[in-house]
Each structure stands twice: as structure tokens, then as C-alpha cells.
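User: I'm new to this one. Could you walk me through it with a few questions and answers?

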Amino acid sequence: MVEYVLGLARGRRLLYVGTASMEDPDTTEAVDGLLRGLAEVSHLELRQWPPDDLHGFVLGHDVVLVGGGNTANALAVWRVHGFDEILRDAWREGIVLTGWSAGMICWFEAGVTDSFGPQLAGMRDGLGLLPGSACPHYDGEDLRRPVYRRLVDEGFPPGIALDDAAAARYSGTALVEVVASAPGSGGYRVGPDGEEPLATRLL
């Protein structure tokens, strides 16, 4: 999956954003290990203050990779420092924006999250680069599917759900393909009428 993402980018300068995990050192170390030898990795740290020329720093990369954790907290911190608008500029400039869990749903208008407690809830204030809603961990957590289906049935924006080993690639706001790094994983369109499996290419 990492090679797939890097293959979409114009280069291999990757910025890891760990805001959602409170820039946890263990998580950052694990990400560095995953990417060692594959990409030139930098880290964005916002715990104290952003780096000088945050805009130039971010746009100097080819990929922005957002890690998992508390999506609502990450969005709040990003907005305080204007990082949300910088991500919009990066998107317009053709930088690949990607991530898992919180780093999946943050790009959409809405998403299913455990940001507010151990229970799952709908969140409607994502970055809105992509329309509709998103739900990660569709096959990895027992409550994800029923909660997302219930939320959409009750009026939550319809959208896309992904199993843990699957990814959805967008060009602009158009879904191009769904890929998976493990057999049996895939993606789904979820709307008021139910869910529809999406064609998935196994990497």
C-alpha cells in the first residue's frame, strides 16, 4: 500500500502528520520504520508551535500522510494554526493527501469517529475536500458497519466505507479506484438504500 501511494506522487518527500495521536513518539517511530528506505520522511509537530513558514514547509513535500487517532482534536489544532487551509493549497498543487483511520475521514465532509468517547458517533465538520461521509475499519470493528448504516438511514450524508486493508483513490473529487493489500478487503458505497460493494483491485 505504501508503494502504491508513493507511486501516485511526483516524488518521495513525505510529510507525516501525527496530530491525531498527539504526536506519540512510539507511533512516529513505527511510521518511520514502515517508510525507511521508501521515502524521505519529515514530521509536522504542532504541540508547541508550528515551524517557521508552515506553508512553504508543507508544500515542499510530495505526499502528506495523516496518521490515526482523535480526528476531532486534530481538526481543531489544524484550524487554530491555519493548517487546514494549507492542506487545501497542497491539494490544489497536486500533492498526494493520504492517511488511515483519522487520516481517511478528515478529508471528507463527515465521518464516523470515536473522537468523543468509546462509542461511535457521526462528525460533520471534516475538511470537506471530498463530498459526503467516510467510515474506516468497516471490517475491523464490530460496530462500524451497523453504526454507519444507522447514521445514514437517519439522514447522515451518504458516502464510502473501507475495510482495514483497503484504500480509495480520488482524483480531485472523483473516485478513481479502490485497492486492497489483502484478499477479501474492499470498499462500499453506503446510502439510505443500503450498501453496494465497490470493485476492488488487489495490489
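This is a predicted model: local features need pLDDT of at least 70, side-chain atom pairs count only at pLDDT 80 or more; totals for chains, interfaces and linings use all residues.

User: How do the residues of the lining of the largest pocket divide into nonpolar, polar and charged?

Analyst: The largest pocket has a volume of about 1100 Å³. Of its 41 lining residues, Val5, Leu97, Thr98, Gly99 and Ala168 are the closest to the centre. Sorted by type, the lining comes to 29 nonpolar, nine polar and three charged.

User: Which strand gives the most to the lining of the largest pocket?

Analyst: Several elements supply at least two lining residues each, among them helix 1 (2–8), strand 4 (96–99) and strand 9 (166–171). The top contributor, with six residues, is strand 9.

User: Is Ser101 buried or exposed?

Analyst: Ser101 sits in the loop between strand 4 and helix 6. Leaving aside neighbours within four places in sequence, Ser101 touches Gly68, Pro136 and His137. The cut-off for buried is under 20% relative accessible area. Ser101 has 18%, so the word for Ser101 is buried.

User: In strand 13, what is the bridge partner of Val179?

Analyst: There's an open sheet of three strands in the order 9-10-13, with mixed pairing. Strand 9 and strand 13 (200–202) are its edge strands. Strand 10 (residues 174–180) pairs with strand 13 in the parallel sense over three bridges. On strand 13, the partner of Val179 is Arg201.

Terms used:
Residues are numbered from 1 along each chain as its sequence is written. Side-chain values use heavy atoms; hydrogens and water are left out. On a 1 Å grid over the protein atoms alone, a cavity is a set of points where a 1.4 Å probe fits but cannot get out, and a pocket is an open set with protein on both sides within 12 Å along at least five of seven lines; lining residues have an atom within 4 Å of a point. Grid points are joined across faces, edges and corners, and a volume is the space filled by probe spheres set on the points. Helices (H or I, at least four residues) and strands (E, at least two) are DSSP runs, numbered from the N terminus. Ala, Val, Leu, Ile, Met, Phe, Trp, Tyr, Cys and Pro count as nonpolar, Asp, Glu, Lys and Arg as charged, and the others, Gly among them, as polar. Buried means under 20% relative accessible area, exposed over 50%, partly exposed in between (1.4 Å probe, protein chains only). Contact means heavy atoms within 4.5 Å. Two strands pair if DSSP finds at least two bridges between them.
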